[in-house]
Amino acid sequence: MRRLVLAGAATLLVATSVWAGLPPAQAADATVEVVAVDANQLSGPLKKAGLGTLFGVASTPATPRDLIAGSQMYLSQHQSAQGDASYPTSTEAVAATLRGTGTKMIGRYNDLMGGWPYQWKGLNDWMSKVDSATRSIQSYKDVLYAVAPFNEPDNKLQGGFGTDASIPGATYDAKFNWLWTQTFRRIRAIDQSIPIMGPNFEHYSGWVPAEQDRMRAFLANAVATGTSPNLIGWHSLGPSPGDVPEDLARYYRPLETQLGVPGRPLPVVIEEYGPGTGDFEGVPGTMVKHWAEFERSGVDYASMGIYTNPGLLGNTLRRTYGTTAKPNAGWQMMHWYKSMQRQRAFVSRWDTRHYQAADGLASWDPGARNLTVLLGGEDADIDVDVTGLAARGLGPNVRVQLDAALWDVDPGAADRTVARGGDAQDATYNLFDKTMTVGSDGHLRVPIRRMEGYNGYRIVISAPGSSIVYPTKYEAENATVTHAIRYGTASTTSGGYVGGIDYADSSVAFSVNVPSAGIYTMRVRYANSTTSAATHLVSVDGNAQGSVAYQPTAAGWSPAELRTSSKRVRLHAGTNTIRLAKGAGYAELDAIDVRPDTHRYEAELAAVTHAGIHGFRWNEFPDFVGGIDYADSSVGFVVDAPADGTYRIEVGYNNGTGAGATHAIAVDGNAQGTIAYAPTGHWFDTAAQDANEGLATATVTLRAGANRIVLTRATGYAELDFLRLA
């Protein structure tokens, strides 16, 4: 489909049936990248190594068991001393929670040393800790994958370890290798069967001579002393998902063979993985590139290593007032991965020259007779070119579902680090569910227009059948269309879309039913092939609620390219008529999806003046704002109001004094009263963290769009967790 703009209006040309399984010579586009999937090239089952998190489960506040079971296979947790369950992410504290979830953990012994880097307190102290830890694991070996005596021992044993004269060795590395041998033997004196993982270096890049020499010396000592680890492991904390396969294929495996390591090839543990770039942990499109490489290189276990908040399954859960946590798009992506069954299908990255392009993994389930592909990781137009379906008994017509786990970031937050985004998301979004035709050459091209690098995507290909009913999704071609045109195509959500919304009276009206009054998020799937942003005016039951914006979709109109844009709307319980009418420019509509708005405006991400941003107890990362103790102390939130009107703000807080407190409210610089904080008897720096916080409310008048709400200390003292618009 192409569109010409003439005299301020848009004229449709003849539609062509592209992306419906045409041969590559006909369907290929030089601007489109290709991820190839061969359903006829199958191997063993998926290992799912990447489904692990560092300190992902906590006992206080408790991590929900159903969410652990739904997404996790592995955990790396603080090792406990015997009988000590006081630390909420320790092995003894979480062992009972893990039973029945199918999730197993590695216990990290030298977290018992204390300090960071770890503070060496002498050999006797260390060995007593090893004894206590090994006795501890006897009561929960059923949920242990292995123990790791050391964490990052290539540089983190400090406090005089390198100069301890009681430890033989002329260098730090030599001393560590001796300590490894003694520690291994000490564990085996108590427990003869628990798998032991090591060395667990922070840095192992075999192409760096010093790091290859360190690994060589470790293995040579372990072989010579009969203390070879049962599992080999290290950390991969660089930006490239390709580091691990490069290490394994070219450096570690040849070294293992050369030195004659018993039990080779050893299972591989990447006990922490992922770059500390602020856009990794829990972010679907970033995670999946690592998973893909782990599957190709046969990694057995891996845990995300750059954690945001302990207990939240690697940043894949979000705190909500009144409940412990809810899943976000990262959890949904991990859940998809864990749910994949049976045989791994071959996937080739579109560009083998580097490791930052879109990538994915796939599996064939012979019971369900479907092929599932997970992918993401790049801002680009992607074709998933699937072959081999005939060998699986599928075709020439197949059902193709394309779903997305959408990762969002608050554009009004002062801290817009990508990992700080990810609103709670109870379900993923369906982009299309339709019948497509495999080309005569056996190729099926499934388009993703346009892939957004932080989102995750899932394609399920199966025999033709009835489409699923998506209760929050409303098709444009089924709506009430005024002075616009309904079109049919094989490539939109369910075979149709609306174009020609080009005139002052053009509109598409959706009848949307919701269970309760409140603020909802409306996602619109659209095309805009002009070079400028476009808008549609939004109204609900005839009342104006601003506009929704559409950035250009350079590759074309529907169905060549479709993207999504979001807009908050205020709805009443029951049936609402949401009308999208022509605003600026031109856009075509495929469908809308309407769900309750789950966004919280977090205080630690807001603009903070003369106050402090702090972590909950045991957390290293920001969670709340305290020290709002001075006349000029304030926290400023930028909130998005769907329409002009009166709103209730809800503020999560704690007030550990015995008296009430207040903050003055200003909206865009104009005073709007105060908000009161009754005593809660708690501060956030307690074991309960935010489990017993208070909820204060106030009424404000807002205009449609962005509003700056500033809370400034007036009387007393209170700490702030979040603000929510209700």
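1. Helices (H or I, at least four residues) and strands (E, at least two) are DSSP runs, numbered from the N terminus. This is a predicted model: local features need pLDDT of at least 70, side-chain atom pairs count only at pLDDT 80 or more, and totals for chains, interfaces and linings use all residues. Residues are numbered from 1 along each chain as its sequence is written, and side-chain values use heavy atoms, with hydrogens and water left out.

2. Helix α3 spans residues 91–98. Its buried residues (under 20% relative accessible area, 1.4 Å probe, protein chains only) are Thr91, Ala93, Val94, Ala95 and Leu98. They pack against α2 (65–71), β5 (74–78) and β6 (104–108); contact means heavy atoms within 4.5 Å.

3. An open sheet of five strands runs in the order β25-β28-β33-β30-β31, with antiparallel pairing. Two strands pair if DSSP finds at least two bridges between them. β25 (480–482) and β31 (543–550) are at the edges; each has a single partner strand, so one side of each lacks a neighbour in the sheet. Neighbouring strands are turned by 25° against each other on average, direction ignored. Axes here are lines fitted to C-alpha atoms.

4. Within the sheet, β28 (residues 507–514) and β33 (residues 574–582) pair in the antiparallel sense over eight bridges. Val508 sits opposite Leu580 in β33.

Technical notes: Buried means under 20% relative accessible area, exposed over 50%, partly exposed in between (1.4 Å probe, protein chains only). Axes are lines fitted to C-alpha atoms, for helices over the stretch in contact, and angles run from 0 to 180 degrees between N-to-C directions.
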